[in-house]
Amino acid sequence: MRFPWLIFLLIVFPALAVAQYGTVTGVITNAETKKPLAGASVFLSNSSVGSASGSEGRFTLNGIRPGQYNLTVTILGYQDFTKDILVGHEPIKLDIELTPKPLMLREVTISSAADWKKNYEAFRKDFIGVDENAKNCVVENPHILNLQFNRTKQTLEASGDEFLIVDNKALGYRVKFLLKGFISDRLAGVISWGGERLFEELPGNAAQKKKWHEKREECYYGSAMHFFRSLYTNKLTEDGFIMYHLNRQINPNRPPDDVIRKKANFFGQRGMVDSFNYWKDLSTLSKYYKESLNKVPVMPYEVFTTTEKQGVFAFHPLNYLYVVYTKRRDEVYNKDLYRPLDMTNYETSILTMFDPGYTLFDMNGIVIGQPPLLEGTWSKSRLSDLLPVDYVPDGK
């Protein structure tokens with residue numbers, strides 16, 4: 001009797017029939033007393049994998065998609081623990097010691113209820129988004145946020161000492177976010193933030209889960225995660241991505257961001273309204289002029305290479321990388337995005353690298369080094385469109 005080749009492989013090598021997922025186990029203790037700590041939150045940041053330590057401080061994380069992750073451990077009264085780990089098929093065992101955190105009183109900014117509400121609405125717009133998905137996001141505990149708006153510098157900063165909990169009822173996730181370093185710079189037109197987050201599935205009926213599934217697929221395809229996964233698997237063309245080199249010249253009529261910020265700060269503190277508004281208006285000018293596109297597509301080998309670390313890749317495009325996703329059109333006009341007149345109105349993103357001119361990303365399609373500056377479609381993505389790094393679409 002002749003068996004089909006796949007059945008033959010599964011009979012001879014039964015391990016092939018089991019999905020190759022990783023496992024992380026460990027024990028969490030007090031660094032000073034060496035006693036186990038129960039109830040600590042343990043999770044892989046930006047993923048859907050998380051747990052809590054038991055009575056003996058032990059924890060287990062199962063079913064992990066191979067790749068690079070940031071393991072985070074947090075518990076009230078102790079300093080957060082983070083560690084980069086590369087998950088493969090071999091189990092990882094960790095002994096984690098948490099250092100007690102000295103009691104410190106947080107500086108409190110006194111503001112009126114109207115000011116807090118105004119700052120919160122601005123934060124929600126910049127952090128969660130304004131698209132249809134954002135309208136279905138519910139922040140369960142907004143008042144854990146410390147919000148500060150500097151009128152002179154035109155910056156909004158936000159932070160929190162505990163998880164900010166957001167129920168994304170468009171995608172079916174509860175997102176728990178330890179927010180760090182959020183800043184929205186109005187003068188530079190740049191929003192940046194960092195922190196650790198955990199995705200949990202929201203309960204729902206079959207109809208809701210079907211709708212969530214469709215929305216997740218919509219968010220995934222054409223995203224930066226999709227692009228980086230397609231890049232290292234050499235499937236850019238198949239998946240609808242085309243890369244070009246964008247040529248730009250700096251606008252000589254617009255001073256650098258740091259000069260604008262310094263001048264606006266100087267005149268704003270002195271109440272010189274006309275001078276302050278003059279520099280504020282300069283910030284609205286385009287940073288570039290005489291833009292042009294090299295119509296010869298960039299090949300994958302020109303922008304990324306493997307590294308000595310398995311599953312980690314180096315991304316090093318020259319100048320400005322112009323990425324077009326040909327399977328979806330962009331119906332929203334963006335005056336700051338250069339688009340040749342003879343080019344179809346596809347979704348487009350521009351990536352600008354910071355020093356040293358490269359970054360790292362892993363096999364999950366997640367940037368783990370200094371992220372590039374994003375313009376265009378990808379720059380609009382907020383928490384409302386975020387998927388866990390271990391998300392896998394249908395048929396993949």
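Modeller: On a 1 Å grid over the protein atoms alone, a cavity is a set of points where a 1.4 Å probe fits but cannot get out, and lining residues have an atom within 4 Å of a point. Grid points are joined across faces, edges and corners, and the volume is the space filled by probe spheres set on the points. In this predicted model, local features need pLDDT of at least 70 and side-chain atom pairs count only at pLDDT 80 or more, whereas totals for chains, interfaces and linings use all residues. Residues are numbered from 1 along each chain as its sequence is written, and side-chain values use heavy atoms, with hydrogens and water left out.

Colleague: How many cavities of 30 Å³ or more does the count give?

Modeller: The count comes to 1 cavity of 30 Å³ or more. The largest cavity holds about 40 Å³ of space.

Colleague: Which residues line the largest cavity?

Modeller: The lining consists of Gly 222, Phe 241, Val 323, Val 324, Tyr 325, Glu 347, Thr 348, Ser 349, Thr 377 and Trp 378. Strands β18 (320–329) and β19 (346–352) each supply at least two residues of this lining. Such labels follow DSSP runs numbered from the N terminus: helices are H or I with at least four residues, strands E with at least two.

Colleague: Let us turn to a single residue. Where is the place of Ser 45, and is Ser 45 buried or exposed?

Modeller: Ser 45 sits in the loop between β2 (41–44) and β3 (50–52). With a relative accessible area of 5%, Ser 45 is buried; the term means under 20%, exposed means over 50%, and partly exposed lies in between (1.4 Å probe, protein chains only).

Colleague: Which side chains are joined to that of Ser 45 by polar contacts?

Modeller: A polar contact is a pair of N or O atoms within 3.5 Å; within protein, one must be able to donate a hydrogen and the other to accept it, and residues adjacent in sequence count only if both atoms are side-chain atoms. The side chain of Ser 45 makes one of 2.6 Å with that of Glu 196 and one of 3.3 Å with that of Asn 46. Leaving aside neighbours within four places in sequence, Ser 45 is in contact with Asn 70, Thr 72, Gly 195, Glu 196, Arg 197 and Val 389.

Colleague: What is the phi of Asn 46?

Modeller: Asn 46 has a positive phi of about 70°, although it is not a glycine. Asn 46 also lies in the loop between β2 and β3, and at 17% relative accessibility it counts as buried. Asn 234 likewise is not a glycine and has a positive phi, of about 60°. Asn 234 is found in the loop between α5 and α6 (236–239), but at 61% relative accessible area it is exposed.

Colleague: How many residues of helix α5 are buried?

Modeller: In α5 (residues 224–232), 7 of the 9 residues are buried, so the helix is largely enclosed by the rest of the structure. The buried residues are Met 225, His 226, Phe 227, Phe 228, Arg 229, Ser 230 and Leu 231. Asn 234 follows α5.

Colleague: How many bridges join β9 to β10?

Modeller: Strands pair if DSSP finds at least two bridges between them. Here 6 bridges join β9 (residues 145–150) to β10 (residues 155–160), and the strands run antiparallel. Gln 148 has Glu 157 in β10 as its bridge partner. The two strands form a hairpin with 4 residues between them, and Gln 154 in the turn has a positive phi of about 60°.

Colleague: Which residues does Arg 216 touch?

Modeller: Arg 216, in helix α4 (residues 206–220), counts as buried at 11% relative accessibility. Not counting residues up to four places away in sequence, Arg 216 touches Leu 171, Gly 172, Tyr 173, Glu 201, Leu 387 and Tyr 391.

Definitions and conventions. Contact means heavy atoms within 4.5 Å. On a 1 Å grid over the protein atoms alone, a cavity is a set of points where a 1.4 Å probe fits but cannot get out, and a pocket is an open set with protein on both sides within 12 Å along at least five of seven lines; lining residues have an atom within 4 Å of a point.
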